[in-house]
Amino acid sequence: MRDFFFDLVDTLELVFLDPLRYSEEVKEIPFAMSPISSWMFSILSALSLSVGMSILSAPYTISTLSFLFFGFIANLILFRFFPFFYSLVADYYVQKKGRSQKLLFLVMFARHSTILFLVFAPVCIVFHAIGLSGVGSGFFLLLTFIVLYGLIIARGLKSIYELRNRDSIRFSFYALGLTILFPFLMNLYTATSVLQSVSGGF
């Protein structure tokens with residue numbers, strides 16, 4: 001358990017505090033290299049996103065439980081597929097700059113970075129406490145977190161592929177825009193969100 005805790009802290013440190021060392025040092029962290037890490041981060045982030053949106057969607061009734069469940073499933077699917085497609089598109093742009101393919105590391109970095117959404121629920125609690133609730137506030141926060149996620153991926157691109165700041169930010173947001181428009185992914189997410197709404201959500 002102690003080793004697991006240290007590996008977890010090391011992984012988070014590489015992603016958020018020192019991404020320049022990610023591609024070299026992540027291989028030395030067994031937890032980070034295992035699929036368990038990305039699944040754990042995806043599950044926690046999906047739950048936080050679902051809980052946060054529920055907090056902003058008063059009044060709370062018995063249907064809120066269905067909202068939480070369907071929201072969690074939709075978000076988990078998104079967090080499993082979105083980083084892969086995002087990384088695939090970003091890697092394509094980077095290779096056009098003459099860099100070698102490092103898609104495996106970028107996908108791992110993108111999936112580890114989803115842990116950013118773990119703080120979505122606490123921020124929603126603060127918003128609700130100061131009277132900023134409802135669908136509009138939820139979508140504003142979601143958009144803000146997506147932009148922050150894009151900036152984190154830009155840092156990962158810079159470190160993994162040794163790019164300039166300008167190129168890494170540009171490639172990251174190009175990839176973000178194209179991935180958001182990816183029909184299958186967004187239709188799947190929207191369809192599940194409709195089930196979420198029918199269950200008594202928004």
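**Exercise 1.** What percentage of the 202 residues in the protein chain is buried?

*Solution.* The model is predicted, local features need pLDDT of at least 70, side-chain atom pairs count only at pLDDT 80 or more, and totals for chains, interfaces and linings use all residues. Residues are numbered from 1 along each chain as its sequence is written, and side-chain values use heavy atoms, with hydrogens and water left out. Buried denotes under 20% relative accessible area (1.4 Å probe, protein chains only). Buried residues make up 47% of the 202 residues in the protein chain.

**Exercise 2.** State how many helices and strands the protein chain has.

*Solution.* Helices (H or I, at least four residues) and strands (E, at least two) are DSSP runs, numbered from the N terminus. The protein chain has ten helices and zero strands.

**Exercise 3.** Determine how helices α8 and α9 are oriented to each other.

*Solution.* Helix α8 (residues 135-161) and helix α9 (residues 165-180) have axes that come within 8 Å and cross at roughly 130°.

Step two: angles under 35 degrees count as roughly parallel, over 145 as roughly antiparallel, 65 to 115 as roughly perpendicular and the rest as oblique. The helices α8 and α9 are therefore oblique to each other.

Step three: contact (heavy atoms within 4.5 Å) involves residues including I146, V147 and L151 of α8 and I169, F171 and L176 of α9.

How values were computed:
Axes are lines fitted to C-alpha atoms, for helices over the stretch in contact, and angles run from 0 to 180 degrees between N-to-C directions. Buried means under 20% relative accessible area, exposed over 50%, partly exposed in between (1.4 Å probe, protein chains only).
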